[in-house]
Structure formats: C-alpha cells, structure tokens
Amino acid sequence: MRVVVGISGGIAAYKAALAIRELVLAGHDVHVVPTAAALRFIGRPTLEALSRNPVSDEVFDDVAAVRHVALGQSADLIVVLPATANTIAKIAAGLADDLLGTTILASRAPLVIAPAMHTEMWEQAATQANIRTLAERGITIVGPVAGQLTGDDSGVGRMAEPTDVVAAALSAVSDASAPRPLASTTVVVSAGGTREPIDPVRFLGNRSSGAMGVALAAAARDAGAAVTLVGANLHVPAPAGVELVEVETTAQLRDAMLARAGADVIVMAAAVADYRVDGVADEKRTKEAWGEAPTLTLALNPDILHELAQQPRASVVVGFGAETEPDDAALLQRGRDKLARKGADLLVVNRVGHDAGFGAVDTRVQVLDADGVVADASGSKTSVARAIIDTVALRLAAQQKEQP
Ligand code: C5P
C-alpha cells in the first residue's frame, strides 16, 4: 500500500521516524511529506533513509511530474503525525500553501491525524471547532493523550504513541468502506457521575469514571453522528471531534440534557445522583458547628431519563441500569422493570461491584427493548460501546422506516 506520512512542525516530529520505520517494515511504500517547520525538528536524511524514498517539502520540485497532486492522488492512506494546531487549522480550511496541503487536498484516501500540542492550544475553541469539522468529514483523529508535555507541564496534548497511530491508520483503510449508520444524525451522550454539594468544598458523589459514556460518544462519532458529550466530572479525556459540555451537579446535567432533548438519539450513561443535599450550606461546615453525629437531609432528584422519554422526545432514548444483583435472571428482570418505568426505548444492563463496571476496563452488557434482549456484548469498553451504538443505529433505522 502507498502511504504518505505527513509531518508538521512540533517537537513530536522526531517520533514520526518510528512510525515510518514500522510502516516500511510492514511492507508499505512510504512517502514522507514534512512541512518546512517539521524539517527544523527532524532531518531530511533520516526521513529518506527510513522511508527509502526521496523527501521533499517543495511544491516546485519535480514540477514535470505534477508532484504536488501526484502524491495525493496515488496514496492509499495519508497519516499526519504530529498534527500541530496550525496544520489542523489548515486542513480544516482546505489550505494548500505547501506540499503537504496540496497532497491532502488532492487525495481521496483515508486521512488519519495524530494531534500534538500544549493543553491550552488543544482546548482552544478554534482548535476544537477545527477538530469537530475534521471528525464530521470522516477524518480519523488519534489522541492526543494525557501525559508529560515538552516542558515541565503535563496534560492532554501529548501525541499518541507512534505504534498506536500506525495501528489506527491501518484500520482506517479497512474501515473506510465500513458503513456509517449514524451519518446525518445528532447524538447526545451523558457520562460520568454527578456531584451534589454539601457545602462549598464537599460533595456527595459516586465512582463513575465516565469511560463507558466517553467510549459511546467516540463510537457514535465513528458511526458518522454529530455528537455532544455532556460530561459530569469525567476522569478520562473526552474524545476528539465531539462537542463537550461540562457539568457538575444533577441540576446542571438535567438542564444540559433537556436543552438537547430534540436530538435523534439520547444516551443516558451518566451515573446520576438520586438525591441531593437539602439545604446546601453557604459556608464550609465546621466540626464545631456540625457536632459529633451530624445528619444530612436529602431530597429526591428528578429522574432525567424519565423526563427525556416524554413527548416531544428523541427518536431513540437509551438508559443504563447498573446493578449489583448477582443473579442473572433477577438482573434482567430488574432491567425490564426499569425500561418500563423509565419509558426508554433501550436499556443497557450491566453488573457493577467493587471490582467490575465502574472504572474497570472490561465489561459485559445486555441491551433490552420492550420485547426482550436485543444485544449481548462483552470485552473492552470500546468494543462494547460499538455494539451498543450498532444496536441504537438499527433501532433508529427501524423507527425511521415506521415514521418516514
Ligand atoms: O433508576 P436508576 O438510577 O438505576 O436508573 C439508571 C438510569 O437512569 C441511567 O440511565 C441514569 O443515567 C438515569 N437516571 C436519570 N436521572 C436520575 C437517576 C438516574 O436520568 N435521577
């Protein structure tokens, strides 16, 4: 396969060498297109030796061969690592003022980018809007991940490991022909766990990391949907290409969800606090004032899922039922009851405990509708999320057939 490796000018450019080597050793014909800035971080001889092909960043080299479009036209895959904020902005805008730009514009091959930049640049509204644009166009975005950055700082913005970028790039080629069953739909996913304040510094909370909801948002994005993730106190970074709305309390989560109740699909994966503290203190409660055995009075929170299931509503409303029930049949029965009580279309049932579910990597779920179990999936949260989104897409398609 002919692979174009684009390199833009960030310090992570030196890691591109590892990806080039891995692709060449796997038998691919690799052509490297660095930006002028990238060549200040990594030398042309290194790139030529590793790729075994000449390397140029010049649009006016080899003009007779129409090189500025030939590379893009002949590529089976383009992977840009690292992708700086500037290069991401240029791709989003369709700029072609250098060889990497013309190559990308002249290509119909799958494009995979691995963003790398400081956290502030990554979180900038302009960068996030560009990333969303790229994701909506079907471009695969790998990372960034959280970790040590170039200086003393650390945070989200570190480039994904080169081997992970290569793996994602190769699977993008096989996925390119895969169906995108949620194309032109809007999906809103809630994730994480809500916190209920006791006073300005304390809260009641739960152990939800948000990993399942984040995986669902990424799976819906990969299925072609425009995704909003309403994240309550997430312990994991939100996926690229997804609009993130951050909330803390159940009341904030409710406002954010009800404002988006008209989406095509709503997935309530958040662990919502059933109760809030009645009478939140304005000032930090002291031991002296609170005494030896204080009592907290709680008030019942509204059931957001139940509210979202009322008309007018999304075409598909999905709830979660995390239970500690050990017996399989009893677990399913609780799921059925919950589905009916909440009025959702689908309910994802999973067992949680001290060592399963919350924060765990592997998980097993069953998806119920009013007629019974419609899907059963186990494995990583990523693969389970894909199975759930596939089930949602089938349900949406069936519904749209009924009500054209
Ligand atoms: O009743 P239970 O809390 O087990 O229901 C879980 C489902 O209901 C989840 O989808 C959760 O997001 C949602 N939920 C809600 N509002 C609440 C409590 C739970 O939307 N107050």
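This is a predicted model: local features need pLDDT of at least 70, side-chain atom pairs count only at pLDDT 80 or more; totals for chains, interfaces and linings use all residues.
**Salt bridges and a helix face**

Me: Thanks! Which side chain does Asp199 meet in a salt bridge?
Reply: That would be Arg202, with an N to O distance of 2.5 Å. A salt bridge here is a side-chain nitrogen of Lys or Arg within 4 Å of a carboxyl oxygen of Asp or Glu.

Me: And how accessible is Arg202?
Reply: Arg202 counts as partly exposed, at 29% relative accessibility.

Me: How many salt bridges turn up in the whole structure?
Reply: The search finds 15 salt bridges. One of them pairs Glu323 with Lys338, whose closest N and O atoms are 2.7 Å apart. Glu323 sits in strand β16 (residues 316-323) and Lys338 in helix α13 (residues 328-342), so this pair ties together parts 15 residues apart in sequence. Helices (H or I, at least four residues) and strands (E, at least two) are DSSP runs, numbered from the N terminus.

Me: Are Glu323 and Lys338 buried or exposed?
Reply: Both Glu323 and Lys338 are buried.

Me: What about Asp376, which partner does it have?
Reply: Asp376 meets Arg364 in a salt bridge at 3.1 Å, N to O. The two link distant parts of the chain, twelve residues apart: Asp376 is in strand β19 (residues 372-380) and Arg364 in strand β18 (residues 362-369). Asp376 is partly exposed at 46%, and Arg364 is partly exposed at 44%.

Me: Which residues are joined into a network?
Reply: Lys90, Asp97 and Asp98, through salt bridges that share partners.

Me: Switching to helix α2: which residues are buried?
Reply: In α2 (residues 44-51) the buried residues are Leu47, Leu50 and Ser51. Down the axis of α2 they fall within an arc of 85 degrees, so they line one face of the helix. The arc uses directions from the helix axis to the C-beta atoms.

Me: What's on the face turned away from that buried side?
Reply: The exposed residues Pro45 and Ala49.

Me: Last one, what does the chain look like overall?
Reply: The protein chain has 14 helices and 19 strands. Its C-alpha atoms fill a box of roughly 80 × 60 × 35 Å along the principal axes, and 50% of its 404 residues are buried.

Technical notes
Residues are numbered from 1 along each chain as its sequence is written. Side-chain values use heavy atoms; hydrogens and water are left out. Buried means under 20% relative accessible area, exposed over 50%, partly exposed in between (1.4 Å probe, protein chains only).
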